[in-house]
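Here are my notes for you, written as a colleague would jot them down. Have the structure open while you read, and look up each residue as you get to it.

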Amino acid sequence: NEEQEKKVKKYDFKRPDKLSKDQLRTIHMIHETFARLNTTMLSAQLRAAVQIQVISVDQLTYEEFTRSIPEFTIMGIFDTGVLEGNAILELNPNIAFTIIDRLFGGAGEFTEINRELTDIEMTITEKMVMKLLGNIREPWENIIEMNPRIEQIETNPQFVQIVGPNEMVVLITFEIKIGNTEGMMNLCFPAPMIEPIINKLSAQYWFAAVKKEKTEESLAVIKERLNKVKIPLIVRLGEANIKVSEMLSLKKGDVLVLNQNINRPLNIVVGNNIKFKGVPGKEGNKMAVSIKEVIEEGRI
């Protein structure tokens, strides 16, 4: 009998994988929504054609991450508001200065800049990073309710040490196109930060959470929003049919006889449906109608 070949999987103890392929796919799906929301946000803010897409989701050491980004870059260190530790949103200078130029009224034509941000540029950059991070809540809401807050903005990766150099991180890389300018954006989450929710990062959990029935709380929120929607309400006084020749001869003081009897209630229309019956009158110095009957759905 031939010996059955043993399948051996290589394992590097210096950089152990923290997440499975299924969990990485879930993170990929979450941040596709993040990319889509920020595409819409930046397009509106900059009034320019913007495209953002997820390029990769990887596990690597923090040192490998810092070596992979430029020596001068924009790094927003932020707190998720719910998970322990800090994460990083890193924005390539090409994109950062294009955004700044567009917001200042320029054409967004980037020329390579390798200098510290001015105070005004720093303020604008911090606000823009916060807007980008603001769109992280919705994609993650089925897993955890994030409330990101900027801790600081740095331009030198050597001054940012959120975890040890050999600690594993999850890196989500995006490609951003603004007009003719292209660049990268990275989200870096330390593995210890997301470890408490690692069991929720599965496609099965994700789709179950997305498809779960509406709770009473969510229905109350929807109802509250609907109650604030304005809709037209029209009181029909009546109709009259006349000839074109009669219409052309109408003048001030002429009277049109409507098909509505003065003793019958008026139809009050919401949308295209008769919803109420009422009688005309006055409220102060304004015309008004007093509702006398509510028409049930399906009855006229």
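The points below go from the overall layout to single residues.

1. Start with the whole thing. What you have is a predicted model. The protein has nine helices and 10 strands, and buried residues make up 37% of its 300 residues. Take the contacts with a separation of 6 or more: 64% of them are between residues 24 or more positions apart.

2. Now look for the six-stranded sheet. This sheet is open, its pairing is antiparallel, and its strands come in the order β1-β5-β6-β3-β2-β4. At the edges you'll find β1 (50–61) and β4 (149–154), each pairing on one side only. From one strand to the next, the twist averages 20°.

3. β2 and β3 run antiparallel and are joined by six bridges. Which residue of β3 is the bridge partner of Ile 77? Trace across and you land on Ile 88.

4. There is another sheet to find. Four strands form this open sheet, in the order β7-β8-β9-β10, with antiparallel pairing. β7 and β10 (286–294) each have a single partner strand, so one side of each has no neighbour in the sheet. Neighbouring strands here are turned by 40° against each other on average, if you ignore direction. As for one of the pairs, β8 (residues 266–270) and β9 (residues 273–283) share five bridges in the antiparallel sense, and Leu 266 has Gly 278 in β9 as its bridge partner.

5. α1 lies across β1, β3, β5 and β6, and runs at about 145° to β1. α3, in turn, lies across β2, β3, β5 and β6, at about 115° to β6.

6. On to the greasy part. In soluble globular proteins, nonpolar side chains tend to be buried together. The largest nonpolar core here has 50 residues, and Leu 89, Leu 91, Leu 187 and Phe 189 have the most contacts inside it. α1 gives the most to this core, with eight residues. Another core lies apart from it and has 12 residues, including Leu 60, Met 75, Val 169 and Leu 171.

7. Pick Leu 91 and see what surrounds it. Skipping its neighbours within four places in sequence, Leu 91 is in contact with Thr 73, Ile 74, Ala 96, Ile 99, Leu 132, Ile 176, Met 184 and Met 185.

8. Rings next. The count of aromatic pairs is four. Why is the pair of Phe 78 and Phe 189 called edge-to-face? Their ring centres are 6.3 Å apart and their planes meet at 85°; over 60 degrees counts as edge-to-face, so this pair gets that label. Phe 78 sits in β2 and Phe 189 in β6, 111 residues apart, so to speak a link between distant parts of the chain. Both of these residues, Phe 78 and Phe 189, are buried, and together with Trp 140 they form one aromatic cluster.

9. The side chain of Gln 59 reaches the backbone nitrogen of Leu 19 at 2.9 Å.

10. Finish with Glu 239, in the loop between β7 (233–236) and α9 (244–248). Its relative accessibility is 55%, and Glu 239 therefore counts as exposed. Glu 239 and Leu 258 are 19 residues apart in sequence, yet their C-alpha atoms are 5.1 Å apart in space. Leaving out neighbours within four places in sequence, the contacts of Glu 239 are Val 257, Leu 258 and Asn 259.

Note on methods: Residues numbered from 1 in each chain as written. Predicted model: local features only at pLDDT ≥ 70, side-chain atom pairs only at ≥ 80, totals over all residues. Heavy atoms only, no water. Pairing = 2+ DSSP bridges. Helix = DSSP H or I, 4+ residues; strand = E, 2+ residues; numbered from the N terminus. Axes fitted to C-alpha atoms, helices over the stretch in contact; angles between N-to-C directions. Contact = heavy atoms within 4.5 Å. Polar contact = N/O pair within 3.5 Å; in protein donor to acceptor, adjacent residues only side chain to side chain. Core = buried A, V, L, I, M, F, W, Y, C linked by side-chain atoms within 4.5 Å. Buried < 20%, exposed > 50% of the residue type's maximum accessible area, 1.4 Å probe, protein only. Phe/Tyr/Trp six-rings, centres within 6.5 Å; stacked < 30°, edge-to-face > 60°.
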